[in-house]
Amino acid sequence: MSALYLVAVGNVPDKVWRWITNATAEWFPLPIKHLAGLSVPATAFDPKRKQYQSVDIMRLLAEYAPPDATRILGVTEVDLSIPMLSFLFGQAQLDGKVAVVSLCRLQQQFYGLPAQDDVLRERLTKEVLHEMGHTFGLVHCSEQKCAMSLSTHIGMVDTKSEQYCDRCGSQLAQRFASLDGGV
Amino acid sequence: MKKNWPILVVDDEDVMCESMAAWLREDGYRVDTAPNGQQAVELAKSTDYAICFVDLKMPGGMDGIETMMEIHRVRPEASVIIITAYATVDTAIQAMKEGAQEYIVKPCNPQEISMLVSRILKLKKLQSENAILRKKLTRQYRHHDVITKNPRMEEILALTQEIASLRSTVLIRGESGTGKELIARAVHFSGNRAEKPFIVVSCAALTETLLESELFGYEKGAFTGATGQVKGKFELADGGTIFLDEIGDISPKLQADLLRVLQERRFYRVGGNEEVQVDVRIIAATNKNLPQEVQQGKFREDLYYRLNVIEIRLPALRERLEDIPLLAEHFVQRISSELGKEVHGISPAALKVLMAHDWPGNVRELENVIERAIVTCRNGMLDEQDFSWLQRANPQQNWEIPDVPLGELERRAIVAALERKHGNVKEASAALGIDRSTLYDKLKRYEISH
């Protein structure tokens with residue numbers, strides 16, 4: 001059976017895998033497998049912005065995905081961006097295979113505050129659900145509390161809940177029911 | 001998917017185009033990309049983009065400003081946002097002067113872009129709603145809102161133009177829902193009375209007494225509750241047109257009163273002694289067979305001939321099947337906009353279902369059916385299953401046989417066939433499954449004029 005693969009891109013603390021496994025297992029009826037971590041590609045680094053181009057990391061993940069990977073989720077601590085936008089919490093291929101989430105701006109330290117594991121866990125869960133939702137065809141939701149609502153700053157991430165709204169949840173469930181493994 | 005608002009991203013850097021497109025797609029937009037100005041303009045020719053993000057500096061060929069100008073040439077309504085990596089006041093001013101909606105410097109804060117896109121689209125939505133409302137308001141003035149490619153309907157439309165400026169009374173006949181009022185409006189608003197009132201009276205909706213005071217007005221004290229003089233519809237329509245819908249339903253007394261108005265253009269308000277004179281064009285409509293009502297003594301013959309100066313017979317929808325796809329598309333577009341639901345078409349399978357239906361309620365029924373389907377539609381395109389209830393409701397012909405002698409049934413079948421075939425005996429006999437001479441015999445026997 002095809003599986004959801006999790007992979008670290010660069011150094012990622014071990015604790016986050018448990019959080020991600022719990023979050024994904026609740027919503028996605030897929031076997032979860034771990035892959036050996038990848039180094040952050042040097043080509044992704046933009047020296048002017050001191051950030052990493054998420055497109056390059058997504059490309060690397062797509063190449064790295066094993067044949068039985070229905071989805072591959074990369075987690076990284078580096079700060080992600082695309083040329084047009086100053087930063088991204090994460091990115092995904094809409095209805096595609098690859099997603100990436102950055103811990104950088106989810107951590108309290110980024111905002112000059114002391115680290116808080118519970119805050120990081122909550123934020124990471126929301127962003128993982130958000131990006132994974134995109135890979136299953138969900139687009140941004142107008143329901144502010146839904147994990148699929150758009151977050152353009154950290155305050156918006158904190159407003160969301162760690163779950164999908166009824167509509168997005170049922171759309172996701174329908175997707176799994178109709179494709180029966182061929183997600 | 002917010003398919004009604006497609007977005008175009010134009011940049012020579014592939015990574016910029018694709019990453020921006022991917023980000024916008026996550027928001028549900030349909031996004032296309034172009035690596036240069038030429039391709040952007042080609043795409044704009046075939047797609048009505050709501051927003052175009054255009055990079056200012058693109059090597060070789062058109063730059064961002066030229067691209068914007070060319071896009072505006074083919075899509076004047078498109079909102080162009082100029083993107084640049086370097087902010088200079090001069091280029092910003094030039095871009096705005098040439099018609100850019102916004103000028104942004106990359107990289108942008110995601111919130112800035114998100115708010116910019118939603119602000120522009122909110123404005124576009126308001127503009128689009130405004131256009132729909134304006135169209136709705138002016139619909140009554142416009143002839144081409146009668147959607148048809150049916151030759152008979154086209155003849156009728158041509159006739160409405162010819163008779164628009166005459167004062168002659170018009171009698172519009174047709175089944176319920178065939179658009180009798182629409183045609184009456186077309187006659188009124190195409191002629192020299194267009195600036196004057198068009199007053200609609202539904203004769204079937206009111207009792208005799210109410211209809212009398214509604215049509216002719218009343219004086220103070222004419223009846224209990226008449227606390228002041230009130231003008232009737234004939235007076236209100238002075239200089240314009242009065243549309244008397246369901247004229248076949250009025251009482252014998254009102255038939256006599258109406259005949260007098262038609263002959264003399266004068267009448268008395270209820271309870272009044274003073275004669276009121278008006279200049280009103282009368283357009284009447286009925287779904288009844290008035291000649292038959294006359295024969296049966298239910299409708300005054302003299303009034304019928306006064307009304308029937310110009311007769312327009314509207315075909316039933318089942319007689320203009322070729323119009324169903326056109327009307328269906330028109331209703332989908334209009335109703336989805338009015339309801340704010342993104343339904344952008346109707347599938348061939350669904351059209352097949354609509355074509356197979358008998359449409360006893362005619363165009364009005366089709367409109368209602370489309371509205372119901374849009375309300376329940378879940379995937380942005382009306383499909384066969386959105387009309388499954390229609391198929392269930394229409395499994396076979398639903399015969400309702402009245403309790404009348406067999407000969408009367410035959411007579412009614414012949415009259416109906418003749419009506420459907422516009423008096424064509426050959427076609428009516430074929431529809432009835434009898435030969436022409438037999439039909440002529442029966443016409444004679446039942447004293448049916450055709």
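In which helix of chain B does Asn362(B) lie? Asn362(B) belongs to helix α15 of chain B, which covers residues 362-376.

The model is a predicted one. For the complex, the predictor reports an ipTM of 0.84 and a pTM of 0.54. Chain B has a mean pLDDT of 86, with 93% of its residues at 70 or more. Where pLDDT is low, the predicted coordinates should not be read in detail.

**The sheet of chain A**

Chain A contains an open sheet of five strands, arranged in the order β2-β1-β5-β9-β8 with mixed pairing. Its edges are formed by β2 (32-34) and β8 (90-92), each of which pairs on one side only. From one strand to the next, the twist averages 20 degrees.

Within this sheet, β1 (residues 3-9) of chain A runs parallel to β5 (residues 69-76) of chain A, and seven bridges join the pair. Ala8(A) has Val75(A), in β5(A), as its bridge partner.

|---|---|---|
| α2 (residues 54-64) | β1, β5, β8 and β9 (98-102) | about 130 degrees |
| α3 (residues 117-135) | β5, β8 and β9 | about 160 degrees |

In soluble globular proteins, nonpolar side chains tend to be buried together. The largest nonpolar core of this model comprises 87 residues, and Ile7(B), Met20(B) and Cys52(B) have the most contacts inside it. Helix α1 (residues 14-25) of chain B contributes seven residues, the largest share of this core. Another core lies apart from it and has 38 residues, including Cys203(B), Phe234(B), Ile250(B) and Leu307(B).

Which residues does Cys52(B) touch, not counting residues up to four places away in sequence? They are Leu8(B), Val10(B), Ala40(B), Ile71(B), Ala78(B) and Val80(B).

**Contact between the chains**

The contact draws 16 residues from chain A and 21 residues from chain B. On the side of chain A that touches chain B, β6 (80-82) and β7 (85-88) of chain A each provide at least two residues. That side of chain A is made up of eight nonpolar, seven polar and one charged residue.

**Backbone features**

Pro107(B) sits in the loop that lies between β5 (102-105) and α5 (110-138) of chain B.

Asp95(A) is a residue other than glycine with a positive phi, near 60 degrees. Its place is the loop between β8 and β9 of chain A. Is Asp95(A) buried or partly exposed? Asp95(A) counts as partly exposed because 13 other C-beta atoms lie within 10 Å, a number between the limits of 12 or fewer for an exposed residue and 20 or more for a buried one.

Asn362(B), the residue of the opening question, likewise has a positive phi without being glycine, and the value is near 55 degrees. Asn362(B) is classed as buried because 22 other C-beta atoms lie within 10 Å, which meets the limit of 20 or more.

Terms used
Residues are numbered from 1 along each chain as its sequence is written. Chains are lettered from A and ligands numbered from 1 in the order in which they are written. This is a predicted model: local features need pLDDT of at least 70, side-chain atom pairs count only at pLDDT 80 or more; totals for chains, interfaces and linings use all residues. Two strands pair if DSSP finds at least two bridges between them. Helices (H or I, at least four residues) and strands (E, at least two) are DSSP runs, numbered from the N terminus. Axes are lines fitted to C-alpha atoms, for helices over the stretch in contact, and angles run from 0 to 180 degrees between N-to-C directions. Two residues are in contact if their C-beta atoms, placed from the backbone, lie within 7 Å. A nonpolar core is a set of buried Ala, Val, Leu, Ile, Met, Phe, Trp, Tyr and Cys residues joined through C-beta atoms within 7 Å. Ala, Val, Leu, Ile, Met, Phe, Trp, Tyr, Cys and Pro count as nonpolar, Asp, Glu, Lys and Arg as charged, and the others, Gly among them, as polar. pLDDT is the predictor's confidence in each residue, from 0 to 100.
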